[in-house]
Amino acid sequence: MAGRINDDDVKAVRDAVPIDAVVSEYLQLRNAGGGNLKGLCPFHDEKSPSFQVSPSKGLFHCFGCQEGGDTIAFVMKIDHLSFSETVERLAAKAGITLRYEEGGYNPGHQRGERIRLVEAHKVAAQFYIDQLDSPEAEIGRKFLAERGFDQAAAAHFGVGYSPAGWDHLTRFLRGKGFSDKELILSGLSQDGRRGPIDRFRGRLMWPIKDVGGEIVGFGARKLRDDDNGPKYLNTPETPIYKKSQVLYGIDLAKKDIAKVSRAVVVEGYTDVMACHLAGVTTAIATCGTAFGGDHIKILRRLLMDNGSARVIFTFDGDAAGQKAALRAFEDDQKFAAETYIAIAPDGMDPCDLRLAKGDAAVAELAEPRTPLFEFALRQIVKRYDLETPAGRAAALDEAAPVVARIKNIGAQHEVAVQLAGMLGILDTQFVVKRVAQLARWARDRGGKGPAQQQTPQRGYDTGAPATASSGPALNLRSPAHRTERELLKLALQRPELVSPAFDAYGADEFTAPPYAAVRQCVHDAGGATGAPSDYLDTVREAAPNDTVRALVTELAVETIFAKNVDEAYAGDQLVTVRLRAVDRRIRDVQGTLARLGAQGDPEQLAAVQNELWVLTQYGQSLRNNGAAAL
């Protein structure tokens, strides 16, 4: 077992790797105001960005699903790593050598499973690259050259060659300290009669990377006629490789996808290479599986679903390509982006098109022209005889439900009008009404949906609508709760503005129980006065449970609702919270006085009356003098 990572080293890693740089590897971030950034949450599906990152505090929080934490927590969650694996990965990125309390410096055998599997792939990728220069790989180099890829192109994409022998890579990786168990688990080797043998033999190799740029698998292309395997052989499902969750080329394309809000989906590794070399640097491809929901999630986070986002599918013009396009259209409504299809002349794929007509033709192909919905509808319509009333009616019966699935009412109406034109139905309104009727029926059958009907699990909400994960909402329209929230945000984000007054506030001055819990955390962490550099970390560590810790993170990230966050604004929040607490206490004391009545104990009556007088005077002073009376 690995020793415990030295606390100072953990802190050094946390400080050395900016959270916005790490998060930006997985999704597009935009300015959210107040020094914060926002994007579409990678942990749940959403249409508008509720995921915020605070670079200055090193924290993130999603106001939709309530996930939050620091850089380490983000990487742990998104890549399903243990704490030590995450720290090790980030330390390697920052060039920090870790120390272990019980195990000295970081030896390879102490690393987590995922780290080891990724390392094995990294070593294997370099092995394959080196083999591409061998005499045996001449057939592979010829394959690339015939498709217009020179040595520089192969190097750019990390293309390599797997030797035709049984266990060349397996023996090489053993020599690097990897165990047979790790080699089998990684998918680089497979069980043979006498032990592990190479899974990929005598093939061209493309490394497949995740969004973070780590190699998690390979795609292998058949080169020889005596190879009885499939044309393309991919890494099997492993702890780090899920084919439905990876997109080839995403590591190279993600920045430009985010920059221009466009993605081009092609069918193969060589198509991605051809597109990138032709200047279409937003091209990506699936890895041996249909384009599906998990792929859409990856792209949506990069595209940010803004109004100008485009996704262009380039499928072959054959029956298989048309079928793939229709499958893509089934998931079309999961995009907020507009989707298009591009089919090259003569049904050529981008790689063939580049060879035949050059880079300009590939760039031209990637320009959006035919909306995917139009292509899908035409594929349906062309199966019917539109010269007859019965044929037009049958085509309408199949096509109308497809149009009815379009969620945007304006777009749905427009497409219904186009469908009428495709079918040759002169009464356009008949088609429009038919589509609207089907959409209405679908909504009625769906009811409100499960999300609104689930039983709340949490005891409070933090500003987002109540869901199964967020629980019954506090009435945050209540001025009391809103002001308490603002004061806690100031205490966490700008402690110098509310100190030392804030530290004199009791938890009972916060009427919302979760806010009172956060106030207690600040107290337990030593207070807001003279907050040290690790103040937020200390407050989060003082939380009694994950629920309160999540709220601390949320309040530390959420924007303070003021144009000028200064002492005057802070003073207003301090006074308002204190004054409401005083007024509540006055009402309590007045109730006690009424219960005691004239026949009560004179000494007790005098004490209560005195407290009421003091509270009244203090309240009046707060109203007249503001923060100066605190």
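Biologist: What is the bridge partner of Val 264 in strand 16?

Modeller: Ile 312 is the partner of Val 264 there. Keep in mind that this is a predicted model.

Biologist: In which sense do strand 14 and strand 16 pair, and over how many bridges?

Modeller: Parallel, over four bridges. Strand 16 covers residues 310–313.

Biologist: And how many bridges link strand 14 to strand 15?

Modeller: Three, and that pairing is parallel too. Strand 15 spans residues 283–285. Its Ile 284 is the bridge partner of Val 265.

Biologist: Why is strand 14 described as largely enclosed?

Modeller: Strand 14 runs over residues 262–266, and four of those five residues are buried, so the rest of the structure largely encloses it.

Biologist: Switching to helices. At what angle do helix 5 and helix 8 cross?

Modeller: Roughly 125°, with the axes coming within 11 Å. Helix 5 is residues 113–131 and helix 8 is residues 168–175. That angle makes helix 5 oblique to helix 8.

Biologist: Is the crossing left-handed or right-handed?

Modeller: Right-handed.

Biologist: Which residues make the contact?

Modeller: From helix 5, Ala 120, Val 123, Ala 124, Phe 127 and Tyr 128. Helix 8 brings His 168, Leu 169, Phe 172 and Leu 173.

Biologist: How many of those are nonpolar, polar or charged?

Modeller: By class, the contact has eight nonpolar residues, one polar and no charged ones.

Terms used
Residues are numbered from 1 along each chain as its sequence is written. This is a predicted model: local features need pLDDT of at least 70, side-chain atom pairs count only at pLDDT 80 or more; totals for chains, interfaces and linings use all residues. Side-chain values use heavy atoms; hydrogens and water are left out. Axes are lines fitted to C-alpha atoms, for helices over the stretch in contact, and angles run from 0 to 180 degrees between N-to-C directions. Helices (H or I, at least four residues) and strands (E, at least two) are DSSP runs, numbered from the N terminus. Angles under 35 degrees count as roughly parallel, over 145 as roughly antiparallel, 65 to 115 as roughly perpendicular and the rest as oblique. A crossing is left-handed if the near helix is turned anticlockwise from the far one by less than a right angle, and right-handed if clockwise. Contact means heavy atoms within 4.5 Å. Ala, Val, Leu, Ile, Met, Phe, Trp, Tyr, Cys and Pro count as nonpolar, Asp, Glu, Lys and Arg as charged, and the others, Gly among them, as polar. Buried means under 20% relative accessible area, exposed over 50%, partly exposed in between (1.4 Å probe, protein chains only). Two strands pair if DSSP finds at least two bridges between them.
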